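User: I want to learn how to read a few features of a fold. Please start with charged pairs.

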Amino acid sequence: MTWVKKGLPSMSGASTRRPRRGASMADVARVAGVSSQTVSRVSTGHPGVVESTRRQVLDAMKQLGYRPNSAARALKYGEFRTIGVILFTLATIGNSRTVEAIATSAAREGYAITLIPVAEPTQDGVLGAFTRLGELAVDGVIVIMEVHLLGAADLALPPGIQVVVIDSDAGDRYPVVDTDQAAGARLAVRHLLDLGHRTVWHVAGPAESFAAERRTEAWRRTLAEAGRTAPPVQCGDWSAESGYRAGLVLADERDCTAVFAANDQMALGVLRALHQRGRRVPEDISVVGFDDIPDASAYIPPLTTVHQDFAEVGRRSVEALLHRIRNEPDRPGTVLVPTRLVIRESSARRRPARGLR
């Protein structure tokens with residue numbers, strides 16, 4: 001006897017049932033009334049598409065639930081539309097704003113970014129980051145070098161991958177984009193000397209930092225060119241707390257009437273220390289920072305500082321990398337992005353000294 005359980009579909013029927021097919025690029029092209037090539041251009045963020053057409057295609061994608069297949073596109077066109085970014089820390093304002101600028105500039109060109117932090121600035125650490133980026137599939141890499149522990153002599157990147165370096169001394173080995181650190185420091189020191197201060201004290205960034213080294217060298221050179229003696233350097237680590245510790249020392253220096261801090265956060269710490277010790281800014285001591293962070297104008301008093309154009313650094317680094325990815329002519333060497341001095345209320349003409357409290 002054969003028993004048949006009613007209500008259950010046969011196995012043969014289940015095996016022949018096909019899953020619903022997802023929308024294809026051709027489906028999107030048909031609904032939008034454009035060519036498949038136009039749909040592809042919209043998918044990759046290609047700039048050469050009229051805005052009204054791009055909107056039609058995006059509406060059709062949304063209507064059909066279409067999602068571009070980046071892996072298939074990469075296999076077909078040999079590109080992933082992704083830029084890798086390697087850096088040693090996101091803790092500093094400079095690095096975080098640079099990464100933000102890179103992401104914005106990359107998105108404008110139709111690229112995403114993949115961020116790989118490196119715990120230790122060593123050759124093995126950087127090579128490990130490149131290995132991870134290779135697994136994640138990127139078209140090129142921007143390295144925010146920053147630290148002096150891994151310079152041009154030590155840096156050996158894998159062949160066959162396009163690279164641009166920010167804040168380094170890589171010379172002609174790779175294209176380098178950087179803020180003109182030395183020119184910015186000269187602006188700060190010359191401003192204070194022009195206000196009648198006999199010399200300028202300096203709160204430096206960490207010794208392993210390329211940027212800090214260049215700012216300190218420019219501070220010392222500018223004083224020497226003016227025939228002034230460079231006072232002892234106060235060493236910090238970019239933090240407001242380190243600036244505060246340096247400020248306590250400077251507050252007790254009777255000859256100190258002007259301070260150039262290597263970044264705005266350390267300048268904030270200096271302002272706090274001077275206030276606690278009864279030294280008025282700028283009446284007793286003028287203070288100038290570097291970076292022009294968004295909060296600098298809200299310091300008490302508002303901070304005179306050197307403005308860094310992080311957006312331009314990001315834009316130029318992405319531009320240089322895309323030139324290499326597309327095999328377009330580029331210029332190895334270093335591109336320096338100009339700085340400018342923003343004068344606020346923390347700097348003033350030197351006044352006769354008054355007694356310390």
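User: Is Asp292 buried or exposed?

Analyst: Keep in mind that this is a predicted model. Burial is read from relative accessible area, with buried meaning under 20%. Asp292 has a relative accessibility of 12%, so Asp292 counts as buried.

User: Which residue does Asp292 meet in a salt bridge?

Analyst: A salt bridge needs a side-chain nitrogen of Lys or Arg within 4 Å of a carboxyl oxygen of Asp or Glu. Asp292 pairs with Arg344, at 3.0 Å from N to O. The pair links distant parts of the chain, 52 residues apart. Asp292 sits in the loop between strand 9 (286-291) and strand 10 (304-307), and Arg344 lies in the segment after strand 12 (340-342). Arg344 is partly exposed, at 23% relative accessibility.

User: How many salt bridges are there by this rule?

Analyst: The count is twelve. One of them joins Arg326 and Glu109, at 3.7 Å from N to O. Arg326 is partly exposed at 39%, and Glu109 is partly exposed at 30%.

User: What is the distance between the closest N and O atoms of Arg280 and Asp284?

Analyst: It is 3.2 Å, and the two form a salt bridge. Arg280 is partly exposed, at 40% relative accessibility. Asp284 is buried, at 11%.

User: Which residues do salt bridges with shared partners join into one network?

Analyst: Glu312, Arg315, Arg316 and Glu319. Glu312 is also listed among the buried residues of helix 12.

User: How do I check the geometry of helix 12?

Analyst: Compare its span with the expected one. Helix 12 has 16 residues and reaches 23 Å from first C-alpha to last. That is close to the 22 Å expected at 1.5 Å a residue. Just after helix 12, Asn327 takes a positive phi of about 60°.

User: And how do I read the covered side of a helix?

Analyst: An α-helix has 3.6 residues a turn, so residues three or four places apart point the same way. Now look at the buried set. In helix 12 it consists of Phe310, Glu312, Val313, Gly314, Ser317, Val318, Ala320, Leu321, Leu322 and Ile325.

User: Which residues does Thr98 contact, leaving aside neighbours within four places in sequence?

Analyst: Thr98 is in contact with Ile144, Ile166, Phe310 and Val313. Phe310 and Val313 are among the buried residues of helix 12. Thr98 itself belongs to helix 6. Thr98 is buried, with a relative accessible area of 6%. A polar atom of the Thr98 side chain lies 2.7 Å from the backbone oxygen of Gly94.

User: How many residues of strand 9 are buried?

Analyst: Six of its six residues. In strands, look at both faces. Ser286, Val288 and Phe290 point one way, while Val287, Gly289 and Asp291 point the other way, and all are buried.

User: Which way do strand 8 and strand 9 run?

Analyst: They run parallel, joined by three bridges. Strand 8 covers residues 258-261. Ala258 stands opposite Ser286 of strand 9.

User: How far apart in space are Val163 and Gly140?

Analyst: Their C-alpha atoms are 6.0 Å apart, across 23 residues in sequence. Val163 is in strand 4 (residues 162-166). Val163 is buried, at 3% relative accessibility.

User: How many disulfides does the structure hold?

Analyst: A disulfide is a covalent bond between the sulfur atoms of two cysteines. This structure holds zero. Cys235 is exposed, with a relative accessible area of 64%. Cys256 is buried, at 0%.

User: What share of the protein is buried?

Analyst: Buried residues make up 48% of the 357 residues. The protein has twelve helices and twelve strands. Contacts tell the rest. Among those between residues at least 6 apart in sequence, 72% join residues at least 24 apart.

How values were computed: Residues are numbered from 1 along each chain as its sequence is written. This is a predicted model: local features need pLDDT of at least 70, side-chain atom pairs count only at pLDDT 80 or more; totals for chains, interfaces and linings use all residues. Side-chain values use heavy atoms; hydrogens and water are left out. A disulfide is a pair of cysteine sulfur atoms within 2.5 Å. Buried means under 20% relative accessible area, exposed over 50%, partly exposed in between (1.4 Å probe, protein chains only). Helices (H or I, at least four residues) and strands (E, at least two) are DSSP runs, numbered from the N terminus. The expected span of a helix is 1.5 Å times one less than its number of residues. A polar contact is a pair of N or O atoms within 3.5 Å; within protein, one must be able to donate a hydrogen and the other to accept it, and residues adjacent in sequence count only if both atoms are side-chain atoms. Contact means heavy atoms within 4.5 Å. Two strands pair if DSSP finds at least two bridges between them.
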